[in-house]
Amino acid sequence: IQRSLGRPVAIKELKKAYHADAQIVKRFERESRVAASLQHENIVHIYDYWNKPTYSIVMEYVDGANFADVIEKIGALPVDVGVMIAIQVSNALDYAHMRGFIHRDIKPSNIMIKRNGEVKLMDFGIAHTRNLEALTMPGTLIGTPAYMSPEQILGQQLDVRSDVFSFGVVLYELFTGVKPFSDDDVRPVTAKIMKDKFLAPRRVNKEIPWRLQWLIRKCLRKKPHRRYGSM
């Protein structure tokens, strides 16, 4: 509870094991600055940051659940509910993109839904813009493999279309309850994202409208120029 204003907040602390890693500390501090600069109803608000006695970000407390947990419990969402959520996520991403930020880690566990149905995008820890110093060595894979675009896997220069691909993976999972690409004993998920086709969403869930399936497939094109150019 923030006593001065009598409101609940969430506090994100950096594990003590990472305090000696200057790059991780810098990325953590950057996350607070990036998120604090993004004032949007569908992005978790940042209230404060401090580095003593421990590195901490103080943020809006979202009374609800993240979508990784929701999908695990109930599977595919009803189409009308999924569309309502997707619109709010795309609004948040469009706002961030218009300000020059690429999120780079869009996934269900970074999307929260409040009890009133409001959706909140969070975790800008690896967000990037041309104005920010690169904190990753060239060739380093950063993000969550199952949600990465092919160009992110290759370590190439990214633009908003990389987030469009990750958003497409999230859409597929919201409406089918499963990921379009996943690890197995034969091939890793990154290889599948690079080369393999995925099962058409309607083959998994017949309730998905044709138009929505077409939209998801366009988001998931291997080549960035074949995807949507913006949210």
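A salt bridge is a side-chain nitrogen of Lys or Arg within 4 Å of a carboxyl oxygen of Asp or Glu. The exercises below apply this and related terms to a predicted model.

**Exercise 1. Determine whether the side chains of R227 and E151 meet in a salt bridge, and state where the two residues lie.**

Solution. 
- Step 1. The distance from N to O is 2.8 Å for R227 and E151.
- Step 2. The cut-off is 4 Å, and the side chains of R227 and E151 do meet in a salt bridge.
- Step 3. R227 belongs to the segment after α8 (210–219), while E151 belongs to helix α4 (residues 150–153).
- Step 4. R227 and E151 are both buried.

**Exercise 2. Describe the salt bridge of R33 and E29, including the surroundings of each residue.**

Solution. 
- Step 1. The closest N and O atoms of R33 and E29 are 3.0 Å apart, and the two residues form a salt bridge.
- Step 2. Both residues lie in helix α1, 4 residues apart, which means that about one helical turn separates them.
- Step 3. Exposed residues have over 50% relative accessible area, and partly exposed ones fall between that value and 20%. R33 has 57% and is therefore exposed. E29 has 27% and therefore counts as partly exposed.

**Exercise 3. Classify the aromatic pair of F28 and Y49 and the pair of Y172 and F198.**

Solution. 
- Step 1. A pair of aromatic rings is described by the distance of the centres and the angle of the planes. The structure holds 4 aromatic pairs.
- Step 2. For F28 and Y49, the ring centres are 6.4 Å apart and the planes stand at 50°, so this pair is tilted. F28 is in helix α1 (residues 22–36) and Y49 in strand β2 (residues 46–50); the pair therefore ties together parts that are 21 residues apart in sequence. F28 counts as buried, at 6% relative accessibility.
- Step 3. For Y172 and F198, the centres are 5.8 Å apart and the planes stand at 85°, so this pair is edge-to-face. Y172 is in helix α5 (residues 160–176), and F198 is in the loop between α6 (189–195) and α7; the pair therefore ties together parts that are 26 residues apart in sequence. Y172 counts as buried, at 2% relative accessibility.
- Step 4. Ring pairs also bring F181 into a cluster with Y172 and F198.

**Exercise 4. Identify the ring over which R99 lies and the ring over which K218 lies.**

Solution. 
- Step 1. R99 lies over the face of Y95, and its distance from the ring centre is 3.6 Å.
- Step 2. K218 lies over the face of Y228, at 5.3 Å from the ring centre.

**Exercise 5. Describe the nonpolar surface patch that includes V204.**

Solution. 
- Step 1. The patch is formed by V178, L199 and V204, which together have about 210 Å² of accessible area.
- Step 2. V204 is located in helix α7 (residues 201–204). This residue counts as partly exposed, at 36% relative accessibility.

**Exercise 6. Is the peptide bond from K52 to P53 cis or trans?**

Solution. 
- Step 1. Omega is near 0° for this bond, and the bond is cis.
- Step 2. P53 lies in the loop between β2 and β3 (56–60).

**Exercise 7. Summarise the protein chain: how many helices and strands are there, and what is the radius of gyration?**

Solution. 
- Step 1. The protein chain has 8 helices and 6 strands. Their order from the N terminus is β-α-β-β-β-α-α-β-β-α-α-α-α-α.
- Step 2. A compact globule of 231 residues would have a radius of gyration near 17 Å; the protein chain has 18 Å, which agrees.
- Step 3. Along the principal axes, the C-alpha atoms fill a box of roughly 50 × 40 × 35 Å.
- Step 4. Of the 231 residues, 46% are buried.

Key: Residues are numbered from 1 along each chain as its sequence is written. This is a predicted model: local features need pLDDT of at least 70, side-chain atom pairs count only at pLDDT 80 or more; totals for chains, interfaces and linings use all residues. Side-chain values use heavy atoms; hydrogens and water are left out. Patches are made of residues with over 30% relative accessible area and no salt bridge: like charges are joined within 9 Å, nonpolar side chains (Val, Leu, Ile, Met, Phe, Trp, Tyr) within 5 Å. Accessible areas come from the Shrake-Rupley method with a 1.4 Å probe; for residues, only the protein chains shown count as cover. Buried means under 20% relative accessible area, exposed over 50%, partly exposed in between (1.4 Å probe, protein chains only). Rings of Phe, Tyr and Trp (its six-membered ring) pair if their centres lie within 6.5 Å; planes under 30 degrees apart count as stacked, over 60 as edge-to-face and the rest as tilted. A charge sits over a ring if NZ of Lys or CZ of Arg is within 6 Å of the ring centre and within 35 degrees of the ring normal. The radius of gyration is taken over C-alpha atoms; the globule rule is 2.2 Å times the number of residues to the power 0.38.
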